[in-house]
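Thanks for coming. I'll go through one structure today, starting with the whole chain and then turning to two local pieces of it.

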Amino acid sequence: MSRPPAGRLVALLLAMIVGFGGVLGRLAVLQTRDRATFVQLGFDQRVRTVTLPADRGDILDRDREPLALTLQARDVYADPQLVTDPEGDAGKVAAVLGSRLAPVRHLLSSSGTFVYLARQVDPAVADRVDALHLAGIGTLPTTKRYYPAGSLASQVLGFVGTDGTGLSGLELQYQGVLAGTAGQRTAELGADGTPIAQGLDTVTAARPGEDVVTTLDRDLQYYAQLQLEAAVKANHAKGGTIMVIDPATGDILAMASYPWFDPNSFTSYSEASYRNRAVTDSFEPGSVNKVITAAAAVQEGVFPLDKGFEVPDHIQVDNYTIHDSHPHPMESMTLGDIIAESSNVGAVKVADLLGAQRLSSYVQRFGFGRPTGLGFPGETGGIVPPLADWSAATLATVAYGQGVSVTPLQMASVYTTIANGGVYIEPRLVRGTVDAAGVFHAAPPARTYRVVSAATASTVTEMLAYVVQDGTGLAAQIPGYQVAGKTGTALKPDPKTGGYYPNRYMASFIGFLPASQPRVVVAAVIDEPTTIYGGIAAAPLFQKVARYAIQRLGIAPAPPVGLPPHLLNRG
Amino acid sequence: GFVVFAGLLVGTLLVGIVSLQAMLAQTSFHTVQLRSEIGALADRYDVLTSEAARLSAPDRIAAWARANGMQQADPAHTVIVPVKALDGAPGSGKGGPGQDAALVKPILGSAG
């Protein structure tokens, strides 16, 4: 019998030792030098970090009725590279989405790898898209901002972009409060996406946005908008603004400018309609500004209130001839008569006695030339010529409300000051916020400072009541209530000529009631009414909104104030 | 004997550990399901809230009212009722019910 070949056996053994030695060596390298790399690879395969979006806070009216909400929605997307039948699939998807066929077909035939077919669609519609089970077409969760009352207070609320970020109005101003802070979840997931038991699972919870509680009264806002639209159309005007303010707190109960827009479909409207003209647009106020001239004269005690001025229907100042609104013979008028009749010439004579320095001082103290402190995006402070630039003509024109430019809110704030006993109170649109736990955090109270004494405010109130009782504000009368207010009819400046359009006016009426115990200020401004005058175009709007406010706010009548010294016989 | 005992012990421990893992996995599935249900309920709450807000919107109510033949109420009338004194002097607030009713009736009748 032959002996086995020992050399070959040894060689085979050595080969096996080398082979297994190599395997062992490789194992050792993997377990030592490369350990960290493979542990990390495995970790990255299992561990997913997901952003937890924060729910955007709601915007509510003063009674917590929702004005802006966030709803769940879905985006419909497609990967055109995976779509097998662009023509057929486009027809099915377009039918479900209610879209036109051509754009959908174009998107499905495009060369990219990701396209949106529709954004922020209703979840029920998205479910129907998913139910089609079309290759390369799916849905992603998202949110959608919804304004349940449509165009109600749209310019105040503003709107958000597709990504949910505020772009205008309170949505923009309170973006930081409303947006909240996104959270994060890090978890080890199995192949099917299910969290692995006892695996890593850490959550940093999202902090939801806080709700913003506005000062708006939803029902009053609706009624004010309804009447504003009717007034603009009845007077064949270009537009208008309406505001309702609580003089004791500065709360703006209603604020709107016509034309407005629906924030649910803001892209369908002109950008001009987005503007909250009550704070973003300034105008020369006209005779409503005479209240400042009167208040300054009374506060400074420049002349006794029963002093009679000899007032013609026109007066020469520098190279300008200033007219009253209608021709009249020379008349003796007290300050009360001048305000009631809205005499420009009378106002010029009062301002002449007051002087530029004092009138300029009161114009600024009543808040002109600077934003109101509302903080609203786009708010302007208006234009007031600096004292150093005042000429005799400036003194004259400012006295009756031309030559200065103010926002409707600034002008309304002057009347709020008088109604508030001579104390200026910053207007505000937000009462506070509500956090995720439902706790209400009140906004700081409005800043206040005294402009004129309570006695001066009371005297001016008598003059304003006289305007409504016997002067140019008859259309603002409300049975059972004494209204104090002022009409305004101002020429609109022509930027091309530096002068004024001959036949374009801003008509206004601003007032408060009850005169002796004011509970509400209403400001009505109509832009280019064919009826021209504040007493005709704006006073009726004031009256309608004020009457509704009486019911809505439960305002009781109050004892009337007396009338100021007057000379004109209106009997 | 010892081997059998050790084998039984190890086997029991293994079965126990595997069972525990299975229970934890099941709990994990249940948790995911509950989270999904919570999310769905939160979505449903949002939908109902928005629906309530839409239904209570003033313009919708006004449109429904008009469509159903309703008219806006007239503005409230305010009636100032003079109070007569027992001695006939006005404003003293001491008039009896019969006297006050006699003063109010013609006023209310003329308020329209």
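A contact here means heavy atoms within 4.5 Å. Keep that in mind for the first number. What you see is a predicted model. In chain A, among contacts with a separation of 6 or more, 72% are between residues 24 or more positions apart.

Now the overall dimensions. The C-alpha trace of chain A spans about 155 × 50 × 50 Å along its principal axes. The radius of gyration of chain A is 35 Å, whereas a compact globule of 571 residues would have one near 25 Å.

How much of chain A is buried? Of its 571 residues, 51% are. The accessible surface of the chain comes to about 25,100 Å², and carbon and sulfur atoms hold 55% of that.

As for secondary structure, chain A has 19 helices and 21 strands. I'll pick out a sheet and a hairpin.

The sheet is an open one of three strands in chain A, in the order β1-β6-β7, and the pairing is antiparallel. Which strands stand at the edges? They are β1, residues 47–52, and β7, residues 201–204. Each of these has a single partner strand, so one side of each has no neighbour in the sheet. From one strand to the next, the twist averages 10°.

Looking at one pairing in that sheet, β6(A), residues 183–188, is joined to β7(A) by four bridges. A:Ala187 has A:Asp201 of β7(A) standing opposite. A helix packs on this sheet as well: α2 of chain A, residues 35–46, which touches β1 and β6. The direction of α2 makes about 40° with that of β1(A).

Next, the hairpin. It is formed by β12(A) and β13(A), with two residues between them. In the turn, A:Asp318 has a positive phi of about 50°. The two strands run antiparallel, β13 covering residues 320–323, and four bridges join them. One of the partners is A:His323 in β13(A), which pairs with A:His314.

Which residues of β12(A), 314–317, point to the buried face? A:Ile315 and A:Val317 share one face and are buried.

Definitions and conventions. Residues numbered from 1 in each chain as written. Chains lettered and ligands numbered in written order. Predicted model: local features only at pLDDT ≥ 70, side-chain atom pairs only at ≥ 80, totals over all residues. Heavy atoms only, no water. Buried < 20%, exposed > 50% of the residue type's maximum accessible area, 1.4 Å probe, protein only. Pairing = 2+ DSSP bridges. Axes fitted to C-alpha atoms, helices over the stretch in contact; angles between N-to-C directions. Rg over C-alpha atoms; globule rule 2.2 N^0.38 Å. Areas by Shrake-Rupley, 256 points an atom, 1.4 Å probe, with all protein chains shown as cover.
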